[in-house]
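Okay, thanks for coming, everyone. Let me put the model up and then we'll walk through it.

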Amino acid sequence: LLIGFEHESKAARAKALQALLVTGAGGLALLAGLLLLADAAGSWRLSTIVATPGLTAAPAYPAFTALILLGAFAKSAQVPFHFWLPNAMAAPTPVSAFLHSATMVKAGVFLLARLSPALDGTALWHGTLLAAGTFTVLTGAGLGLVQTDLKRILAYTTLAVLGMLMLLIGVGTELALQSMVVLLVGHALYKAALFMTAGAVDHAAGTR
């Protein structure tokens, strides 16, 4: 509803529907993965799940890990699901600042960071995160260089940061995870402010 705020615009409605379908489908995959994970751990409580030994050896580990990664990648706009985030810039600037730069798209990253103590240590976990993070960093940075719209520049650099966060979780060392937390908090603070600045320029100049 917020992305399609300019509801009289056909493009805004289409981009809102695209974001809903991509993140909604990813949410269904995540739900299925969490059901399997909770069954394997015997609990829905995160503190219990991360303290449960041997989850990586569970028969359902490949299935629930793949589904959770898929859901997180859709929510946090990793390649190949990255396209919905720049298109969501059809939303008004305060929505872009609040949802798409600082909070909502971090949900997938945050969930994987919380689950990493229980799920890391396997080639599936590390390999998938390293590959997705690397491709997303390169895609976001590369496409950001050729944009001429302030908000789309910020959107593509957000993609690059999201990829870097996934990459750091994939590396999985203590220093990498500490770096991920610092970047996650720092990005939320500076990128939201940059979006609001772009909105101020748009409001004053009539163009971005």
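I'll go through the core, an aromatic pair, a loop and the last stretch of helix.

Housekeeping before that: this is a predicted model, so local features need pLDDT of at least 70 and side-chain atom pairs count only at pLDDT 80 or more, while totals for chains, interfaces and linings use all residues. Residues are numbered from 1 along each chain as its sequence is written, and side-chain values use heavy atoms, with hydrogens and water left out.

So, the core. By nonpolar core I mean a set of buried Ala, Val, Leu, Ile, Met, Phe, Trp, Tyr and Cys residues joined through side-chain atoms within 4.5 Å. Buried is under 20% relative accessible area, exposed is over 50%, and partly exposed is in between, with a 1.4 Å probe and protein chains only. The largest such core has 52 residues, and Leu112 and Leu119 have the most contacts inside it. Among the helices that each supply at least two of its residues are α1 (10-41), α6 (106-119) and α7 (123-144). Which helix gives the most to this core? That's α8, with ten residues. Helices here, by the way, are DSSP runs (H or I, at least four residues), numbered from the N terminus.

Have a look at Leu112. Skipping residues up to four places away in sequence, Leu112 touches Ile68, Leu69, Ala72, Phe73, Trp125, Leu129, Met166 and Ile169; contact means heavy atoms within 4.5 Å.

On to the aromatics. There's one aromatic pair in the structure: Tyr61 and Phe64, edge-to-face, with 5.6 Å centre to centre and 85° between the planes. The cut-offs are ring centres of Phe, Tyr and Trp (its six-membered ring) within 6.5 Å, with planes under 30 degrees apart called stacked, over 60 edge-to-face, and the rest tilted. Tyr61 and Phe64 sit three residues apart in helix α3 (residues 61-75), so about one helical turn separates them. Tyr61 is buried at 4%, and Phe64 is buried too, at 0%.

Now the loop between α3 and α4, which I rather like. Ala77 lies in it and has a positive phi of about 55° despite not being a glycine. Ala77 is also buried, at 0% relative accessible area. Pro80 is in this loop as well, and the peptide bond from Val79 to Pro80 is cis, with omega near 10°. For context, most residues other than glycine have a negative phi, and most peptide bonds are trans.

Then there's Gln78, in that loop too. Is Gln78 buried or exposed? Buried, with a relative accessible area of 0%. Its side chain makes a polar contact with the side chain of Thr136, at 3.2 Å. A polar contact is a pair of N or O atoms within 3.5 Å; within protein, one must be able to donate a hydrogen and the other to accept it, and residues adjacent in sequence count only if both atoms are side-chain atoms.

Last stop, α9. Its end C-alpha atoms are 46 Å apart, which agrees with the 46 Å its 32 residues should span at 1.5 Å a residue, taking 1.5 Å times one less than the number of residues. Even so, α9 has a kink of about 25° centred on His187, where the bend is the angle between axes fitted to the seven residues ending there and the seven starting there. His187 is among the buried residues of α9. After α9 comes Gly206, with a positive phi near 80°.
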